[in-house]
Amino acid sequence: MTSIVSVKNIHLHYGQQKVLSGVDFTLNKGEILCLLGPSGCGKTTILKSVAGLLPISAGTIEINNKVVSRDNEMIPAEKRNLGMLFQDYALFPHLTVTDNITYGLRGLNKNEKQQRLTELLTLVHLDGNQHKYPHQLSGGQQQRVALARALAYKPDLLLLDEPFSNIDTKVKFELIDQVRDIIKQENVAAIFVSHSKEEAYAFADKVALLNQGKVEQLDAPDVLYKQPKSLFVANFMGALNSFKLATLPDYLHAKFNCEAHDMVSFRPEHIKLSPMTESAVIKAQILKKRFVGSHYQITVKHNDTALLVLTDKGEHYEPLQWVNINLQSEKAILFN
Amino acid sequence: MSYISKVSNLISFSSFRISPVMLLSGLVAFVLILPVVFLTIASFQPDDDIFSHLIDTVLSDYVINTLLLVFGVCSLSLLIGLPLAWVMAMCSFPGKRFFSWALILPLAMPAYVVAYVFTDLFDYAGSVQITLRAWFNWQSVADYWFFDIRTLGGATIILSLVLYPYVYLLLRSAFINQCAVQVQASRIMGDSAWRSFFRISLPQTRGVIVAALSLVAMETMADFATVHYFAVNTLTTAIYDTWLGYYSLSAAAKLSVMMLAFVFIFLALEKYQRKRIKNYSRSDSFTQGEPYPLTGLTALLVVAGMSFIFFMGFVLPFGILIQYGIDYFDVAWNDDFIKFAWQSLLMASSVAVGCLLVALLCNIANRQQHETPFSALPGHAMSLGYALPGTVLAIAVLIPLTQIELVANEYLDNWFAWQPGLFLSGTLTAIIFAYIVRFSAITVGAIREGYASISPNLDNASLTMGRSFLFTVKRIHLPLLFKVMLTSSLLVFIEAMKELPAALLLRPFGFETLATYVYQYVSDEQLEHASIAAIAIVLVGLIPLIFVNRFASQSQR
């Protein structure tokens, strides 16, 4: 695999304020990487640095094995051969779909231009809309024009800045599938910024979870969920129930290698409820029950700790009822 | 394979540095603030005791007159503008739509034209007094009392009649934009309409009132023609007379700096209050309340009052102008009028183009540097000139231009035994330069606003697609800014057509703008002969009011 982007130990600070402190990642051809994290974690800053819209204070960014950014020096955006998709689409309001899409095309004769335009319109399912202006299109159509425009000149790398945050949840995941298919079809490497783990799960091949200007973990989305390396990652990627090992029955200690850990955590779906029996080992009382369609979210109290449990058998339980909880120890998540 | 060249090591790295556009923008800003700098320097230079002579004799009268005039015009404008604004914003009554724009029209009337017409009407030899004398069989002045229009009081009334629309416009939109729920809440808690006005509306609009009155005060101080025509001596006329009477630039500069000090006080007040107004204004939870319906006697009084103001401020003076125009058409429609109209058209167009170029330059540079406080500086510097009253501006422009001429003549005489003479101050250069100094604030501000509505992501999109910044400017920014460019340069064009005091001092020999042409006839008591030119000025002045009213009614939603 050839690496398209290689970000090596980049730092960025504005005066005293550190925005990025030592970010590393590489990206291969055809791969989609998601820069995921809460607002202010530096994800958009990384994207803009890769785009050549922001200089970095230290480290290097390479595109196609050529250094494009280093200490306070950079090759400007217009010389990097990148495509970028913006949160607000940034379509040029006074230009038609055709003129928007062909904006970055150069060195082609009229026929070649027309051919590429037709290809792209088909790719993004917008045939017949080439003479319209952006305001005459729906949000999803505008998004696809922006995508076609960014892909038109076959960039080495596609950058997407929170591209789905303005889209209605109802159609969002349909659009994510479409965009992902198009990117895969064009076999272009892509970096995608988001604060939503659901978008990251649906869209990315690998995810770099960022916290305070650092990459906490870089892995496939399911690895981040199932084998998080820190409490931050575990909490960010989904709901979590954590126990102090000391509060759990002795027979469980052996399973979790007590010497090395003092906390153990479980995803809500890995805690099972059963009716209270005499032999119950871990007892809990139901605090709250909420029906969310496909299942129930039940909050139970165990030793003054509130735990979230997902179950499809919620009709058997009512608040104040005592229940027995079973931890699926093979799914346990352990931290130091 | 990519369609554009791959990133190569050959492409040089670029660090962030100041671009040539930015440098040029800074340079232009520097040139445009030169007059104020020179003015300040010149005010410290000796002036053959002219200034101290002025202090000993008439200066205190000038200052007192100026302050009295400012105080009087502000009070009267508030007295007219505030009730009009409140009634217009809060009540419904017959003819409301008509009056909402009719009450702005006096803004288009040049004060000196109104002054002339009113003098013609109300003077001893005017038709009003003649009629009164005929009715009551009075023989001479000794038989009755009638106010003298050619006084400080007369000037106050006339300036108020054409300046109150500032107060009216600003307060009207302030009252409209006020959160109706608050008024409703105070009414529910038992306040009458009056009480809620004094307890809720008025305190919240105090900032707007101060801002509006500061504008009125600045316009009053800048007025030259009315007070000059009435022979009321103020600081403006003093500057004019010092320059034309004594040819002392440094004494005129001293007076100008004094006047600027006053202007900056009002300007600072206005800016400060605007900041405070921002704190009050809410864009959310904004609801429009139901207007109080006025009927019967109240409605009649309101309509009568509004009609009176509209009549005095616009219908009467403009009607009489039209009358002059018809009666004296043969004299007034002459070659001079056509020639000077054409000349001012060309002059005003050059000024509009100049202001537009200057504004584009500083705003494009600012955009390229990502709109930092530093890169915005040239734009702010260019906007300073707007605060200069016309006479001060003229003196300020003359100082550097005559210096340059002096030096150039000396050197050219030494080298080539040739003197170009007054190649700057004696030509259109002076007036065009002065107007660019004064009016570029309009285009700079408008284009800044225009840029604010273009998402920086459009630039980023264009850059990432391999297009240079200047290509982006040409293909994206300029088309999107087109409307703003057009309207703002049109406004500059109109202002340049109407401006009087600077033109009076700076026009080259044999050149007249429509305004100086009209004013000359005003001072010769022969406005009738220039009535068509005066009508043209009023009509040109009506154009921006269409924008103003459209903008104001947009804020009414």
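Predicted model: local features only at pLDDT ≥ 70, side-chain atom pairs only at ≥ 80, totals over all residues.

Student: Fine. Is A:Asn65 buried or exposed, then?

Tutor: Exposed, because its relative accessibility is 57%.

Student: Where does A:Asn65 lie?

Tutor: In a loop of chain A, between strand 4 (58-63) and strand 5 (66-70).

Student: What about the phi of A:Asn65?

Tutor: It is positive, about 65 degrees, although A:Asn65 is not a glycine. Most residues other than glycine have a negative phi.

Student: Which residue of chain B has a positive phi although it is not a glycine?

Tutor: B:Ala231, with a phi of about 55 degrees. B:Ala231 sits in the loop between helix 10 (225-229) and helix 11 of chain B. With a relative accessibility of 60%, B:Ala231 counts as exposed.

Student: Let's stay around helix 11. Where is B:Thr236?

Tutor: In helix 11 of chain B, which covers residues 235-246.

Student: Buried or exposed, that B:Thr236?

Tutor: Buried. The relative accessible area of B:Thr236 is 2%.

Student: So what does the side chain of B:Thr236 make a polar contact with?

Tutor: The side chain of B:Thr234, at 3.3 Å. There is also a backbone partner to look at. A polar atom of the B:Thr236 side chain lies 3.2 Å from the backbone oxygen of B:Asp223.

Student: And which residues is B:Thr236 in contact with, leaving aside neighbours within four places in sequence?

Tutor: B:Met221, B:Ala222, B:Asp223 and B:Phe224 form one run in that list. B:Met259 and B:Thr391 are in contact with B:Thr236 as well.

Student: Switching to chain A. How many helices and strands does chain A have?

Tutor: Nine helices and 19 strands. The C-alpha trace of chain A spans about 85 × 45 × 35 Å along its principal axes.

Student: What share of chain A counts as buried?

Tutor: 53% of its 336 residues.

Student: And what share of the contacts in chain A with a separation of 6 or more comes from residues 24 or more positions apart?

Tutor: 65%.

Student: Give me a buried example. Where does A:Ala200 lie?

Tutor: A:Ala200 is in helix 6 of chain A, residues 197-203. Its relative accessibility is 0%, so A:Ala200 counts as buried.

Student: Is the crossing of helix 15 and helix 20 of chain B left-handed or right-handed?

Tutor: Right-handed. The residues of that contact divide into 17 nonpolar, five polar and one charged.

Student: Now helix 3 and helix 13 of chain B. How far apart are their axes?

Tutor: 12 Å. Helix 3 (residues 59-90) and helix 13 (residues 296-327) of chain B pack at about 130 degrees. They are therefore oblique to each other. Their crossing is left-handed.

Student: Which residues make the contact of helix 3 with helix 13 of chain B?

Tutor: B:Ile80, B:Leu84, B:Val87 and B:Met88 come from helix 3 of chain B. B:Val302, B:Met306 and B:Ile309 come from helix 13 of chain B. That contact has seven nonpolar residues, no polar and no charged.

Student: Last one. Which residues does B:Arg475 touch, not counting those up to four places away in sequence?

Tutor: A:His94, A:Leu95, A:Asp99 and A:Tyr103. B:Arg475 belongs to helix 20 of chain B. B:Arg475 is partly exposed, with a relative accessible area of 28%.

Note on methods. Residues numbered from 1 in each chain as written. Chains lettered and ligands numbered in written order. Heavy atoms only, no water. Helix = DSSP H or I, 4+ residues; strand = E, 2+ residues; numbered from the N terminus. Buried < 20%, exposed > 50% of the residue type's maximum accessible area, 1.4 Å probe, protein only. Polar contact = N/O pair within 3.5 Å; in protein donor to acceptor, adjacent residues only side chain to side chain. Contact = heavy atoms within 4.5 Å. Left-handed = near helix turned anticlockwise from the far one by under 90°. Nonpolar A, V, L, I, M, F, W, Y, C, P; charged D, E, K, R; others polar. Axes fitted to C-alpha atoms, helices over the stretch in contact; angles between N-to-C directions. Parallel < 35°, antiparallel > 145°, perpendicular 65-115°, else oblique.
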